[in-house]
Amino acid sequence: MKGTKMGLLDGVLGAVLNSRGGGGGQQDLMGNLVGGLIQQAGGVGGLLDMLRKGGLGQQADSWQSTGQNLPVDGGDLMKVLGGMMGGAQAQQGGAGGGDLGGLLGQVLGGAAPGHPAGGSIGDVLAQAGVGQDQLGGLLAQVLPGVLDGMTPSGQVPEQHSNDMMQNVLGSVLKGALGGNKGGLFG
């Protein structure tokens, strides 16, 4: 069953990102990254649980609930995601790519379509025009909205439809990153 969920997320992410056309940069990266985080964590519930265990319980609870989403510090989010699932596994790429590690590194290490599987994390970020120092801020803007949207009525559905994932990712990315303009940092 887990393989089916991963295949579904891969397919949905591909459809969302391919529908944007070229030049998405930050949107493509964030779509891949958020979808990859959900996939690697075993689904939305798994990612929420990982965030709770990493010390972001209040934020994760607010993103799942029907109330207002609590903000999260990009640095805190990077520490939790960088430390999850074996922080040393993604120590690749030397300077600029070796300190993300963990879940974040696993996802960035090979999640972006069109990027060579052997490319470093720093290369993936550079091709999207995002610095490591900016990544936490981008994730802090996007991840709460996606997790909120994927937990309607405060419940984590057992399965997410293609339409749900596509609509949530598309809406959150467009709102947070400003469509095709320069994004949060442009």
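Biologist: Let us begin with the fold. How many helices and strands does the protein have?

Modeller: This is a predicted model, and the protein in it has 8 helices and 0 strands. Read from the N terminus, the order of elements is α-α-α-α-α-α-α-α.

Biologist: What share of the residues is buried?

Modeller: Of the 186 residues in the protein, 46% are buried. As for contacts with a separation of 6 or more, 63% of them involve residues 24 or more positions apart.

Biologist: Now the confidence. What is the average pLDDT?

Modeller: The average is 73, and 67% of the residues score at least 70. Confidence is highest in helix 3, residues 44-64, with a mean of 95, and lowest in helix 1, residues 2-19, with a mean of 46.

Biologist: Where does the pLDDT fall below 50?

Modeller: One such stretch is residues 1-8, which has 7 contacts in the model beyond near neighbours in sequence. Residues 87-98 are also below 50, and that stretch has 24 contacts of this kind. Where pLDDT is low, the predicted coordinates should not be read in detail.

Biologist: Back to helix 3. At what angle does it pack with helix 4?

Modeller: The angle between helix 3 and helix 4, residues 74-83, is about 110 degrees, and their axes lie 9 Å apart. Angles of 65 to 115 degrees count as roughly perpendicular, so helix 3 is roughly perpendicular to helix 4. The crossing is right-handed.

Biologist: And which residues make the contact?

Modeller: Helix 3 contributes Leu47, Met50, Leu51, Gly54 and Leu56, while helix 4 contributes Asp76, Leu77, Val80 and Leu81. Sorted by class, the contact comprises 7 nonpolar, 1 polar and 1 charged residues.

Biologist: What is Leu135 in contact with, apart from its neighbours within four places in sequence?

Modeller: Its partners are Leu29, Met30, Leu33, Met78, Leu100, Leu104, Leu108, Leu125 and Val130.

Biologist: And where does Gly75 stand relative to Leu135?

Modeller: Gly75 is 60 residues from Leu135 along the chain, and the C-alpha atoms of the two are separated by 9.1 Å.

Terms used
Residues are numbered from 1 along each chain as its sequence is written. This is a predicted model: local features need pLDDT of at least 70, side-chain atom pairs count only at pLDDT 80 or more; totals for chains, interfaces and linings use all residues. Side-chain values use heavy atoms; hydrogens and water are left out. pLDDT is the predictor's confidence in each residue, from 0 to 100. Helices (H or I, at least four residues) and strands (E, at least two) are DSSP runs, numbered from the N terminus. Contact means heavy atoms within 4.5 Å. Axes are lines fitted to C-alpha atoms, for helices over the stretch in contact, and angles run from 0 to 180 degrees between N-to-C directions. Angles under 35 degrees count as roughly parallel, over 145 as roughly antiparallel, 65 to 115 as roughly perpendicular and the rest as oblique. A crossing is left-handed if the near helix is turned anticlockwise from the far one by less than a right angle, and right-handed if clockwise. Ala, Val, Leu, Ile, Met, Phe, Trp, Tyr, Cys and Pro count as nonpolar, Asp, Glu, Lys and Arg as charged, and the others, Gly among them, as polar. Buried means under 20% relative accessible area, exposed over 50%, partly exposed in between (1.4 Å probe, protein chains only).
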